[in-house]
Amino acid sequence: MSDQRLECLREAYLLGTLTPAERQELSELCRHDAGQRDALLAEVEMDLRLRSLYAGEAGGQRTLAAVRHLLNQERDSGMQRTVRAVSRRTHQRHGHRWVMALVAACLVVGLGLWLRPGQPPPAALGHVLVANGATLQRGDSVQALSAGQALHAGDSLSGATRVAWADGSQLGLSATGRLRLLPVEAGSTLSLDAGDMDAHIVPQPAAVPFAITTPQGQAVVLGTRFVLSVDAGGTNLRVSEGRVRLLASRGGELVVSAGQQAELPTGAAPRWIDATGVAVNNPVDAVVTGTWERGQAPLAPTLAVGLNVFVGVEAERAIQPAYRDALAAMAPALLRFARGEQIHDSASHPAGWLRLDADGGYSWDAERIARVVPPAEGRRSELLVSIPDFPTAWRTPDQRLRPDCVERFARLCADLVHVVDRDLDRRVSRWEITRGTDVTYADDPEALADLVLRCAAAMQAVKPGLRLSGPAFARCDRQDWLEAYFARIAGRLDYLSFCVWPSDGRQAEDDQLWDQAEQISERAQTLRRAWAASGAPPVEVLQVESALHNEAPDPRFAGAEAGIFDALVMISAARAGLAASCRWNDMDGWFGAYAPDGSPRPAGEVLALFARHLRGAALPCTSSAPARVAALACPGALVLVNRWPQPTRLGLAVQGADAIPWERHVVTDSGLVAHGPTSLPRQVLLPERSITLFVPQP
Amino acid sequence: MPPDPHEIDALVAKARTGNTQAFDNVVMALQGEVRQFACARVSSADVVEEVVQATFVTAFHKLDSYEPRACFLPWLIGIAANHVRSELRRRLRLRPADDETLEALLLRVRLAQDAQPEAGHAYADGLQACLERLQPRARALLHSRYGEERSLSALAQQFKQPVGALAVTLHRLRATLRRCLEAGRASA
């Protein structure tokens, strides 16, 4: 049988158009040839999958209708079975048909009320976390609440208590609070009749929102944290996360977002109010509160704002005026040389630092290194030099260092110290033995520790007292791995370094990427905990690489998105007390802080501003809506990052900031704009997706 | 994308309190995943529908036994796997023991393969992604064949290809999709 004939038979089978003769033919074939049978089944599977996929929403609706029908049928037959069973027993006992009929009728009514179409037995809506002497009214009885007590629709709570909802949401009721749990058909989940209620409601399905009725209207929650208060004058709502729709009974509504506050006066439409409760025309979207003090000048930066050298590793590009100007404009406190191609052959790669010797070994190309690593004289940045990886020829197939090459690699590391610090006198502040090899050695931390120890000993023999780390960790979430690694190497490293490359790449939403920027402190914390477990004294922690993600191309690298990411990384690093934060990278086509033509991107402007003005330790400063506006105060600047895709009207309440003039620098997609010194405003409109620095003037 | 497991848990929590709308939303959100799971383990469209419906009816009755840990879909697929087995057995029981028809043969093979769920697999999402990688003309052909349910002769006319060649093209497209799904599973 030809392939085409076979395909026609299979297609006809799938379409249900086989003639009896064809069916017989295909059947015989499948019965005697397991391969043909499996091939037909594979076709059937894909055919069914495609049918299902193309049936889409309509197919889903048909299934839903069928499921509803089946559940209703079960309910009806269940009731009939119950009635028949009761009637049999009643007939046996009394033999009176009228009694049987009466009982059956009662059961039908009772079950009909209880078993609404397809409804399982009623479950608790939530339970009490903290009772605090509050009371529960259930029907006519009033009782003291107790922790753990289940709550059902119809229950009324009075007094201070804390309640957990079945979906994980939590509600807190004030001492004067009165709250009723409503049945499903009420159209609201709760009714707050008096007092205050703070709530953290987990994200709700759009079709079934969490709604709270008050005497003046209704608050429809879309997954959020908020405080709702009710008194004789009206309902007051303050949202700290997410959004709540506030609807007046007499019409009118406001959608209140994180940081905003609104009230619903009795008999009136909802309106915006400010933090002091005064009605305003425009809502303040968020409030930043804090304390500022100048500190004792001159202030050193506690966070070294750094930059990874990428283009500058290539000799021809490093000497171009546009590159030098860009570097001078950004003035990073730390320059890190950690480009992977550094360990390539300098004869074949413009970024290569290695020379392949005649005997098959490697040595460093001192001439190339001299041209790209800036001399100490006149240099404003400290240097961190990494030996980023093992030379390709010395790697195993799984990218580890071949065991027979450990000594040669250690010598190579020592030779680099010799060339850069002894011969060229570049005065490198920090050295780093490999980056990301914690992933390559994911199942053998001890082997990596032994390797790094060997290299460290060789390097320190060349220059005693040099500051070493290794590797720059790509993953900081595996405390067990880190503890095993540090147990072997503790006391021999002078600082720890790690990289931040958010996951999901181009597919990730801006907020997902920015949220990961703010998780730096958790990573640093894990590193510090694992280090502390070794018993070694604390060491500095540096975040040495970060970028929006690692999947170029993405136009966000050249936009405000990357600038915001960098700003959030540095804010998070400053708060976490890190010694440095370095972005990836200087000037390449995609990731660069500067475009290849020498023009600054938002990320470049941000780096320059932060490098210049982040001085002194972080001061107390909080944002009422951190998911919208991130804030950092230090003696050198007040930093405000608007993550929102719309302008944010921000209230500023910063003690100690009134008496002096402030210069304002704003970075947006369009670049940097500076505004002349003024006093710090009480309210400021932050442009959409922007980074604002208020810099105190002398 | 597969539905957010936390959102599903929120819906399930509401369904447990008697909110039938919430349960309807669960059905609509997950029926595609259950259906794709069943397609790979049965031999005809009517068994798929039977399994999907029975799965949601069973799930409804067992809602209280589900522990909300963002794993409702795997829980549901476990139920579906049981229904696949029992439905295949039921259908075979209805046939004579010596039934040698093609349908009986395929039912026996499927039953012997056993319907084990694959951990963490997004059943519906993978196929959609694979479809998007096909050439536009190939997608148009599949759309006419499955979305518009056109006959082979109508497709031959529409795509100006003989029926035999078209059957081969469709076979190759399904094979391409199958390989794509397998590659996705392997990389996952």
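Predicted model: local features only at pLDDT ≥ 70, side-chain atom pairs only at ≥ 80, totals over all residues.

Before anything else I needed a cut-off: a residue is called buried under 20% relative accessible area, exposed over 50%, and partly exposed in between.

Is Glu45(A) buried or exposed? Its relative accessibility is 14%, so Glu45(A) counts as buried. I found Glu45(A) in helix 3 of chain A, which covers residues 34-94. Then I asked what Glu45(A) is in contact with, leaving aside neighbours within four places in sequence. I got Cys39(B), Ala40(B) and Arg110(B).

Next I went to chain B and picked Leu102(B), which sits in helix 5 (residues 102-113) of that chain. Leu102(B) has 1% relative accessibility, so it counts as buried too. Not counting residues up to four places away in sequence, Leu102(B) touches Tyr13(A), Leu26(A), Ser27(A), Cys30(A) and Leu40(A).

**Entry: chain A overall**

I stepped back to get the totals. Chain A comes to 15 helices and 37 strands. Of its 698 residues, buried ones make up 51%. I also checked contacts in chain A between residues at least 6 apart in sequence: 61% of them join residues at least 24 apart.

**Entry: a sheet in chain A**

I picked out an open sheet of 5 strands in chain A, with the order 31-32-37-34-35 and antiparallel pairing. Which strands stand at the edges? They are strand 31 (629-634) and strand 35 (671-679); each has a single partner strand, so one side of each is left without a neighbour in the sheet. On average, neighbouring strands here are turned by 15° against each other, direction ignored.

Helix 15 (residues 602-613) of chain A packs on this sheet. I listed what helix 15 touches: strand 31, strand 32 (637-642), strand 34, strand 35 and strand 37. The direction of helix 15 makes about 155° with that of strand 34.

Then I followed strand 34 (residues 661-668) to its partners. Glu663(A) has Val695(A) in strand 37 as its bridge partner. How many bridges join strand 34 to strand 35? I read off 7, again antiparallel. Trp662(A) stands opposite Thr678(A) of strand 35. A hairpin joins strand 34 to strand 35 through 2 residues. As a reminder to myself: strands of a sheet pair through backbone hydrogen bonds.

**Entry: the largest pocket**

I looked up the largest pocket and got a volume of about 970 Å³. It is lined by 36 residues, and Ser240(A), Glu241(A), Gly242(A), Ala258(A) and Ala627(A) lie nearest its centre. Strand 9 (190-201), strand 12 (224-231), strand 13 (234-241) and helix 12 (510-517) of chain A each supply at least two residues of this lining. I sorted the pocket lining by class and got 15 nonpolar, 11 polar and 10 charged residues.

**Entry: the cavity**

How many cavities of 30 Å³ or more does the structure hold? I found 1. The largest cavity has a volume of about 50 Å³. Its lining includes Val305(A), Asp566(A), Cys582(A) and Leu607(A). Strand 19 (304-309), helix 14 (560-575) and strand 29 (580-583) of chain A each supply at least two of the lining residues. By class, the cavity lining has 5 nonpolar, 3 polar and 2 charged residues.

Most peptide bonds are trans, and most residues other than glycine have a negative phi. I went looking for exceptions.

- The bond from Gly470(A) to Pro471(A) is cis, with omega near -10°; Pro471(A) is in the loop between strand 25 (467-469) and strand 26 (472-473) of chain A.
- The bond from Trp584(A) to Asn585(A) is also cis, with omega near 5°; Asn585(A) lies in the loop between strand 29 and helix 15 of chain A.
- Ala70(B) has a positive phi, near 55°; I found it in the loop between helix 3 (45-61) and helix 4 (72-93) of chain B. At 26% relative accessibility, Ala70(B) counts as partly exposed.
- Lys160(B) has a positive phi, near 50°, and belongs to the loop between helix 8 (152-159) and helix 9 (163-187) of chain B. With a relative accessible area of 72%, Lys160(B) is exposed.

Technical notes:
Residues numbered from 1 in each chain as written. Chains lettered and ligands numbered in written order. Heavy atoms only, no water. 1 Å grid on protein atoms, 1.4 Å probe; cavity = no way out; pocket = protein on both sides within 12 Å on 5 of 7 lines; lining within 4 Å. Points joined across faces, edges and corners; volume = space filled by probe spheres on them. Helix = DSSP H or I, 4+ residues; strand = E, 2+ residues; numbered from the N terminus. Nonpolar A, V, L, I, M, F, W, Y, C, P; charged D, E, K, R; others polar. Pairing = 2+ DSSP bridges. Axes fitted to C-alpha atoms, helices over the stretch in contact; angles between N-to-C directions. Contact = heavy atoms within 4.5 Å. Buried < 20%, exposed > 50% of the residue type's maximum accessible area, 1.4 Å probe, protein only.
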